[in-house]
Amino acid sequence: MKAETLERLVRARAEKRPVALVTDLGTGLQTLVYPEAVHGSFSLDGAMLATVRDYLRADRSGVIQSDDDSRLFVQAVCPRLRLIVVGAVHIAQPLAPMAMLAGYDVTVVDPRRAFATDERFPGITVDQGWPDEALAALAPDARTAVVTLTHDQKLDDPALTVALHSGAFYIGALGSRKTHAARLGRLRAAGFAEPALARIHGPVGLGIGALTPAEIAVSILADITLALRQGTTV
Amino acid sequence: MQDEVLERAASWRAGNRRVALATVIATWGSSPRPVGSQLAVDHAGAMVGSVSGGCIEAAVAHEAQQVIADGEPRLLDFGVTNERAWEVGLACGGRVEVYLERVE
């Protein structure tokens with residue numbers, strides 16, 4: 001691999017641009033395929049290019065055969081996953097570092113200064129903005145999960161509103177079934193239709209009998225993983 | 001899933017370390033790491049990432065030194081049916097094909 005190719009891969013991820021590295025396994029030559037551009041040592045015809053971009057969209061890697069029977073390996077290199085946690089509460093404290101270990105860039109959003117402190121979240125990006133403004137600025141995409149944990153509708157609802165207008169692959173909201181039903185009622189009244197509301201995982205997390213904040217964090221991260229890997233989002 | 005490996009490989013290379021990159025390109029049967037998983041190895045044997053659950057990393061790192069020396073990319077095939085001299089079996093009975101290349 002040319003050093004320049006490696007640098008381009010690293011730069012693409014830093015800039016949150018997906019890119020596929022296509023390697024001719026016979027010659028070792030490599031070409032980079034971006035959603036709108038191609039850069040590298042060999043060209044691909046229209047059909048092959050479409051196949052490579054299908055792999056890229058699905059974040060999938062694998063060997064494909066070209067027309068002249070050479071084996072090409074397609075490596076999807078996608079932007080890092082992101083998790084936006086609304087509510088710098090007790091559950092967020094174990095959830096943030098766990099998600100970082102799982103490969104997510106984590107931002108904790110909470111305008112309440114007593115909660116959103118560096119001391120409570122060492123090494124984690126903390127945003128003290130209002131959830132709707134903070135989320136709009138963070139612009140959740142298909143590689144982003146959003147979880148609201150504040151229990152406070154003044155903070156959770158505006159965050160969920162922005163999340164539902166985004167392409168986030170996972171949206172979860174902490175709260176009992178009763179709380180969640182009330183929340184759905186408010187969002188319905190605000191104009192959201194059922195398919196949108198069905199995107200919200202609530203009560204958040206997989207049912208694993210979690211009790212402590214750390215266990216609840218495990219159940220939330222497990223639920224996010226399920227959505228990411230098995231596409232249970234709408 | 002290849003998070004950090006490419007970044008680490010790039011920073012090693014920028015620091016004038018000689019680096020090889022191993023990538024899982026195909027798997028058959030049970031295999032601990034999916035296609036696309038990567039392991040970077042430097043000339044001193046430092047490793048980041050993985051291409052299995054620890055079963056074949058030592059063999060890949062050994063082969064990586066050859067790739068770093070001669071620059072020729074290689075396809076390595078690990079599995080119960082493999083008969084090459086550097087064969088390392090996978091305890092799980094699976095088979096993994098690994099592409100190994102030098103970062104120039």
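This is a predicted model: local features need pLDDT of at least 70, side-chain atom pairs count only at pLDDT 80 or more; totals for chains, interfaces and linings use all residues.
As a reminder, side chains of opposite charge can pair when their charged atoms come close.

Here's one of those pairs, inside chain A. A:D59 forms a salt bridge with A:R143, and their closest N and O atoms are 3.0 Å apart. What I like about this pair is where the two ends sit. A:D59 is in the loop between α2 (46-57) and β4 (62-65) of chain A, while A:R143 is in the loop between α4 (131-138) and β9 (144-148) of that chain. That's 84 residues apart, so to speak a link between distant parts of the chain.

Now zoom out on chain A. How is chain A divided? You get domain 1, covering 3-77, and domain 2, covering 81-230. Taken over C-alpha atoms, the centres of domain 1 of chain A and domain 2 of chain A are separated by 34 Å.

Next, a sheet in chain A. Six strands make an open sheet with parallel pairing, and reading across, the order is β8-β7-β6-β9-β10-β11. Which strands stand at the edges? Those are β8 (125-127) and β11 (200-201) of chain A; each has a single partner strand, so one side of each is left without a neighbour in the sheet. For β8(A), strand β7 (residues 104-109) of chain A pairs with it in the parallel sense, over three bridges. If you want a spot to look at on screen, find A:V108, which stands opposite A:V126 in β8(A).

The size of an interface is often given as the accessible area lost when the parts come together. Here, chain B and chain A bury about 1,800 Å² between them, with 55% of it on carbon and sulfur atoms. Chain B puts 23 residues into the contact, and chain A puts in 22 residues.

What about charges across the contact? Between chain B and chain A the count is three salt bridges. In one of them, B:E4 forms a salt bridge with A:R80, with the closest N and O atoms 2.7 Å apart.

On the side of chain B that touches chain A, the elements giving two or more residues are α1 (5-14), β1 (19-28) and β5 (95-103) of chain B. The largest share, five residues, comes from β5(B). By type, that side of chain B divides into 12 nonpolar, four polar and seven charged residues.

Methods
Residues are numbered from 1 along each chain as its sequence is written. Chains are lettered from A and ligands numbered from 1 in the order in which they are written. Side-chain values use heavy atoms; hydrogens and water are left out. Contact means heavy atoms within 4.5 Å. Buried area is the accessible area (1.4 Å probe) that two parts lose on being put together, summed over both. A salt bridge is a side-chain nitrogen of Lys or Arg within 4 Å of a carboxyl oxygen of Asp or Glu. Helices (H or I, at least four residues) and strands (E, at least two) are DSSP runs, numbered from the N terminus. Ala, Val, Leu, Ile, Met, Phe, Trp, Tyr, Cys and Pro count as nonpolar, Asp, Glu, Lys and Arg as charged, and the others, Gly among them, as polar. Domain bounds come from an automatic or database domain assignment. Two strands pair if DSSP finds at least two bridges between them.
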